[in-house]
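This report covers ring contacts first, then pockets. Please load the model before reading on.

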Amino acid sequence: MFYKSFTTLAAFALTATTAYAETALPFALDWKFEGPAAPFFTAIEAGYFADQDLSVEISAGQGSLDAIPKVATGAYPVGMADINSLVKFLDQNPGAPVTAIMMIYDAPAFSVVGRKSLGIEAPKDLEGHVLGAPPPDGAWAQFPIFAAENDLDMSKITVEPVGFPTREPMLAEGKVDAVTGFNFSSYLNLVRLGVPEDDISTIMMSDFGVSLYGNVLLVNTDFAAEHPDAIKGFLTAVVAGWKDAVVDPRAAVENMVKYNPASDVDLETRRLELALEGNVLTDYVVANGFGGIDAARFEGSLEQLGMVYEFKAAPDASLYFTDAYLPAAADRMLK
């Protein structure tokens, strides 16, 4: 009896110790709980974070730069944001304790989405047409690079400032001929508005000379210095979640829907599939693994960023990204 009681108590103590040993890792997402976020929720639901002794709670974001100050101030140890916005933030806030640790969108979501029936299929087609662009839009911020790389005559393009809520409706109604936006968002918004899919043209800026990278995972460097194994475990679990999402996108979205029951599973599955196809599973990622960057390309992207941003100090690539916490390349193969 005593042995049985002692065994039970020992097991309880072990369980309590294990639970206590979990590191809390709040995660600030870049945007809402939509399809492209599903792999992170899969890492929760499949127990991948728990396997690394991590307790991860995901919070929705409000845009591609929203998480940067959250992580830099230590309010969140990890987050997701646009790396180009991170570069600007660190130029304006030198020494801030934040850097990127895993590339998510090897091809940025920046795009021009138009309608073939309105004459838009290629970059040059924008000349002589009306382009709708929300002033704070990330894709619009990079449009000058896109225009320069494709020799566009901006005097021949009528730029119409539009709001985010009216962007796709105006295109659907033919009030503009194309809009700037994210490929997986603007496309599906048009479909929901009844625009035939075969009438929609998606011009990915990354396919037309823009070498910028997209959204990355960030870490507070002070936290990482104190908890390097937790950050390595976090990235290991994230990779596992993305591997599952590649195999079964719908199942990944169903994991996310548990946290956002109002989601449309079919719509968000399609959104995830578009992100996988257009932004994640690039030739580079398929060949080299998920999460890393090409040093030469990154240097080139910093030069391009200089076309639309005036640096206070010479950009230093080592400040913006580190691969120190990434799993081995062989373990980051998604396919």
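## Aromatic pairs

The model is predicted. The count of aromatic pairs comes to 15. One of them joins Phe49 and Phe234, which are stacked, with 5.4 Å centre to centre and 10° between the planes. This pair links distant parts of the chain: Phe49 belongs to helix H3 and Phe234 to helix H11, 185 residues apart. Both Phe49 and Phe234 are buried.

Trp242 and Phe290 make a tilted pair, at 5.5 Å centre to centre and 40° between the planes. Trp242 is in helix H11, while Phe290 lies in the loop between helix H14 and helix H15, 48 residues apart. Trp242 counts as buried because its relative accessibility is 0%. Phe290 counts as buried because its value is 1%.

## Cluster and charge

Phe27, Phe40, Phe49, Phe234, Trp242 and Phe290 form one aromatic cluster.

Tyr213 has a charge over its ring: the charged end of Arg297 sits 3.7 Å from the ring centre.

## Largest pocket

The largest pocket has a volume of about 1200 Å³. Its lining has 50 residues, with Trp31, Gly63, Ser64, Phe164 and Phe182 nearest the centre. By class, the lining splits into 24 nonpolar, 13 polar and 13 charged residues. Elements that each supply at least two lining residues include helix H4, strand S5, helix H8 and helix H13.

## Second largest pocket

The second largest pocket has a volume of about 190 Å³. It is lined by 14 residues; Leu90, Pro94, Gly95, Leu319 and Tyr320 are the closest to its centre. Ten of the lining residues are nonpolar, two polar and two charged.

Technical notes:
Residues numbered from 1 in each chain as written. Predicted model: local features only at pLDDT ≥ 70, side-chain atom pairs only at ≥ 80, totals over all residues. Heavy atoms only, no water. 1 Å grid on protein atoms, 1.4 Å probe; cavity = no way out; pocket = protein on both sides within 12 Å on 5 of 7 lines; lining within 4 Å. Points joined across faces, edges and corners; volume = space filled by probe spheres on them. Helix = DSSP H or I, 4+ residues; strand = E, 2+ residues; numbered from the N terminus. Nonpolar A, V, L, I, M, F, W, Y, C, P; charged D, E, K, R; others polar. Phe/Tyr/Trp six-rings, centres within 6.5 Å; stacked < 30°, edge-to-face > 60°. Buried < 20%, exposed > 50% of the residue type's maximum accessible area, 1.4 Å probe, protein only. Lys NZ or Arg CZ within 6 Å of the ring centre and 35° of its normal.
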